[in-house]
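Let us walk through one protein chain, from its overall layout down to single residues. Keep the sequence and the 3D view side by side as you read.

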Amino acid sequence: MMFEPVPPYRPSHFKVKFAVAPWERRACSVLRRQVFCKEQGLFADDDRDAIDAHAIPICALSTLGGDADAVVGTVRIHAVAERPGEWWGSRLAVARRFRGTAALGAGLIQVAVSSAHARGCTRFLAHVQEQNVPLFQALHWTSLGAVALHGRPHHLMQADLAAYPPMHDPEHGLLTFRRAA
């Protein structure tokens with residue numbers, strides 16, 4: 001008896017929100033290590049640093065039957081205590097299999113900036129890898145100049161907060177949908 005091959009399951013939508021459950025936080029760390037250590041080789045074994053002690057992790061979750069299934073994207077945000085109102089985003093990562101399928105990077109950026117905006121952010125900055133600068137520019141960010149970090153070209157970029165209305169419930173986040181094939 002011959003069976004037709006069954007295509008792998010592809011979620012129709014994703015949820016982008018603060019990573020609050022312990023499994024979400026662990027999966028964010030695993031994904032960061034996969035992207036920044038194994039794929040890109042920016043760090044030897046682990047990309048964790050002192051910022052992780054006070055950063056807020058954000059995750060993009062694939063769904064199965066409407067329930068969260070796996071972390072497929074992440075970013076972290078943090079306020080700078082010495083400069084009230086200044087917030088930073090860093091370690092934006094999307095699992096290779098999900099890149100370009102559902103605007104996950106844009107969703108993570110939206111939740112990051114909008115949730116910081118709701119918490120008093122007056123300036124939101126990030127060091128963005130050079131290949132990702134066009135995405136950020138399309139999302140209302142401005143380059144403040146080129147810099148080298150971890151042996152790679154980056155840009156210091158600033159978000160236009162007018163394009164990011166405050167999000168007061170990032171624990172619930174937003175939905176993003178898979179692009180049609």
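Read along the sequence, the protein chain runs β-α-β-β-β-α-β-α-β-β-β. That pattern holds 3 helices and 8 strands. Helices (H or I, at least four residues) and strands (E, at least two) are DSSP runs, numbered from the N terminus. Residues are numbered from 1 along each chain as its sequence is written. The model is predicted, so local features need pLDDT of at least 70 and side-chain atom pairs count only at pLDDT 80 or more, while totals for chains, interfaces and linings use all residues; side-chain values use heavy atoms, with hydrogens and water left out.

Start with the overall form. Along its principal axes, the C-alpha trace of the protein chain spans about 70 × 35 × 30 Å. How does the radius of gyration agree with that of a compact globule? With 181 residues, a compact globule would have a value near 16 Å, and the protein chain has 17 Å, which agrees. The radius of gyration is taken over C-alpha atoms, and the globule rule is 2.2 Å times the number of residues to the power 0.38.

Now look at surface and interior. The protein chain exposes about 9700 Å², and carbon and sulfur atoms supply 57% of it. Accessible areas come from the Shrake-Rupley method with a 1.4 Å probe; for residues, only the protein chains shown count as cover. Buried residues make up 44% of the 181 residues. Buried means under 20% relative accessible area, exposed over 50%, and partly exposed in between (1.4 Å probe, protein chains only).

Contacts tell us how the chain folds back on itself. Contact means heavy atoms within 4.5 Å. Take the contacts between residues at least 6 apart in sequence: 65% of them join residues at least 24 apart.

Move to helix 1, residues 22-39. At 1.5 Å a residue, its 18 residues should span 26 Å; the end C-alpha atoms are 25 Å apart, which agrees. The expected span of a helix is 1.5 Å times one less than its number of residues. Which residues of helix 1 are buried? They are E24, C28, S29, L31, R32, V35, F36 and C37. An α-helix has 3.6 residues a turn, so residues three or four places apart point the same way. The cover over the buried residues of helix 1 includes strand 1 (13-18), strand 2 (56-64), strand 3 (67-79), strand 4 (86-94) and strand 5. After helix 1 comes G41, with a positive phi near 65 degrees.

Helix 2 covers residues 104-118. Its 15 residues should span 21 Å at 1.5 Å a residue, and its end C-alpha atoms are 21 Å apart, which agrees. Just after helix 2, G120 takes a positive phi of about 100 degrees.

Most residues other than glycine have a negative phi, and most peptide bonds are trans. R91 is found in strand 4. At 15% relative accessibility, R91 counts as buried. H140 sits in the loop between helix 3 and strand 6 (141-149). H140 is partly exposed, with a relative accessible area of 47%.

Strand 4 also holds W88. Is W88 buried or exposed? W88 is buried, with a relative accessible area of 15%. Leaving out residues up to four places away in sequence, W88 touches R76, I77, H78, V80, R83, F124, L125, A126, H127 and L156. W88 and H127 are 39 residues apart in sequence and 8.7 Å apart in space, C-alpha to C-alpha.

Strand 5 (residues 123-129) holds Q129. This residue is buried too, at 9% relative accessible area. Beyond its neighbours within four places in sequence, Q129 is in contact with F36, Q40, L42, P153 and H154. F36 is one of the buried residues of helix 1.

Finish at helix 3 (residues 133-138), where L135 is found. At 36% relative accessibility, L135 counts as partly exposed. L135 and A106 are 29 residues apart along the chain, and their C-alpha atoms are separated by 8.0 Å.
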